[in-house]
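Subject: Structure handover

Hello,

Here is the structure for your set-up work. My notes on it follow below.

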Amino acid sequence: MKKIKYTACILMLSLLVTACNKRSVMNDMWMPKEAVSQIEESGENKTQNKTESSGENKTENSGENKTEGFSENKTENSGENKTEDSNENTSQEQTQPPVQTGIKPLKVTGTKITDYDGNVVQLRGVSTHGLSWFPGYVNKEAFTQFKNEWGCNIIRLAMYTAEYNGYCTGDENNKQNLKNLIDNGVNYATELGMYVIIDWHILNDCNPHTYKEESKRFFAEISAKYKDHTNVIYEICNEPNGGTSWWDVKSYAEEVIPVIRANDPDAIIIVGTPTWSQDVDHVVNNRVNDPNVVYALHFYAATHTDWIRNKLQTALNNGIPVIVSEFSICDASGNGAINYNEASKWIDMIKQNDMGYIMWNLSNKGETSAFFNSWCQKTSGFTMEDLSETAKWFLTVR
């Protein structure tokens, strides 16, 4: 009798185990077919997209338009369609950040910018106008020409904060478009082995504290995204003005810089100075406590002459590192006559001190500081006939 009971228990236990295993195997059958199909498609698409973005496109493009001095295994982003999108001055598709290789990180050494071997790196380049207004110049073909034919090693992406469709005044759609333009600009510069400035372009908002919280959120996001890009430089307040003091600027910088440093501890950060970034002498004996900060000086040669150069000399004599992150050779309005004599004095001083200089602006706006004649509708492939007198002057300064 005991043997019969024992055999019955074994049989029931076996049936129970079989049922449990069957339930496990049948789990997918209990899920709606649509859900199973979506999961399978999602898995296939993710695998396919990852393979395509990391493999085929990079392999296909890696051998074309290779730029001098850039790592051989540097790959290029998918090419033609993204350039066309940028040229259309419409919504921008966000590009995949490329693998970061071949661009030497920079640091501040005394009053100069150097690489980590101690070699002086003089940054020379051009600035966009407002990204919301002239987005078409952010394209790889143009950047390639700026590097190979114009001798640029840096691009400045000027993102206005307060004006029409500024980052802090436009809608969410506009805000995303601006971030996509920045992303494209960073990626094109990276692929070409160029440095790139992301410029929080305050102007009509005067005091950087006006949109301080928005600035902190923006730089938290941007610095997290580009923390591994050794070519990205952050400019946190373009031109403080309207009575904004150095104390105002410094206190703002002391809140924004730690946000960046939490993600990107080593990148160079540009801090603007009072009176539209002219008062670099106000920084003497009152610097921001960060070793990789440089201070912005902006000049327009027909307006700003010896009196601003004296301020610059005072700063340099006191060990203040300065970068000319925006300038032109007309008057301070961005228009008016060119003063070639004063422009030469400025360039001589810049070269003597190995300072970086970025010229304003990539647009066909119909003003003296614009690089392209107002009738030029191109956004790449520029000829000498397309260029303004300002741009032609820039090409002579090497």
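First, a term: a salt bridge here is a side-chain nitrogen of Lys or Arg within 4 Å of a carboxyl oxygen of Asp or Glu. This is a predicted model, where local features need pLDDT of at least 70, side-chain atom pairs count only at pLDDT 80 or more, and totals for chains, interfaces and linings use all residues. Residues are numbered from 1 along each chain as its sequence is written, and side-chain values use heavy atoms, with hydrogens and water left out.

**Overview**

The protein chain holds 12 helices and 10 strands. Both are DSSP runs numbered from the N terminus: helices are H or I with at least four residues, strands are E with at least two. Of its 398 residues, 51% count as buried. Buried means under 20% relative accessible area, exposed over 50%, and partly exposed in between (1.4 Å probe, protein chains only). Take the contacts (heavy atoms within 4.5 Å) between residues at least 6 apart in sequence: 75% of them join residues at least 24 apart.

**Salt bridges**

Side chains of opposite charge can pair when their charged atoms come close. A search of the whole structure gives 22 salt bridges.

Start with Arg156. Its side chain meets that of Glu235 in a salt bridge, at 2.9 Å from N to O. Arg156 lies in strand β4 (residues 154-160) and Glu235 in strand β6 (residues 232-235), so this pair ties together parts 79 residues apart in sequence. Both Arg156 and Glu235 are buried.

Arg156 also forms a salt bridge with Glu326, at 3.1 Å from N to O. Glu326 sits in strand β9 (residues 322-328), 170 residues from Arg156. Arg156 counts as buried because its relative accessibility is 0%. Glu326 is buried too, with a relative accessible area of 4%.

Another salt bridge joins the side chains of Glu255 and Lys216 (3.2 Å, N to O). Glu255 is in helix α8 and Lys216 in helix α7 (residues 212-225), so the pair ties together parts 39 residues apart in sequence. Glu255 is partly exposed, at 30% relative accessible area. As for networks, salt bridges with shared partners join Arg156, Asp199, Glu235 and Glu326 into one.

**Helices α7 and α8**

The axes of α7 and α8 come within 8 Å and cross at roughly 25 degrees. That makes α7 roughly parallel to α8. Axes are lines fitted to C-alpha atoms, for helices over the stretch in contact, with angles from 0 to 180 degrees between N-to-C directions. Angles under 35 degrees count as roughly parallel, over 145 as roughly antiparallel, 65 to 115 as roughly perpendicular, and the rest as oblique. Residues of α7 that meet α8 include Lys216, Phe219 and Ala220; on the α8 side they include Tyr252, Glu255 and Val256.

**Nonpolar cores**

A nonpolar core is a set of buried Ala, Val, Leu, Ile, Met, Phe, Trp, Tyr and Cys residues joined through side-chain atoms within 4.5 Å. The largest has 84 residues, and Phe146, Trp150, Trp200, Ile236, Val271, Phe372 and Phe394 have the most contacts inside it. Helix α8 (residues 246-261) gives the most to this core, with 7 residues. Apart from it lies another core of 16 residues, among them Ile103, Val121, Leu123 and Ile233.

Which residues does Phe394 touch, not counting those up to four places away in sequence? They are Arg124, Gly125, Val126, Trp150, Cys152, Tyr357, Met359 and Phe371.

Regards
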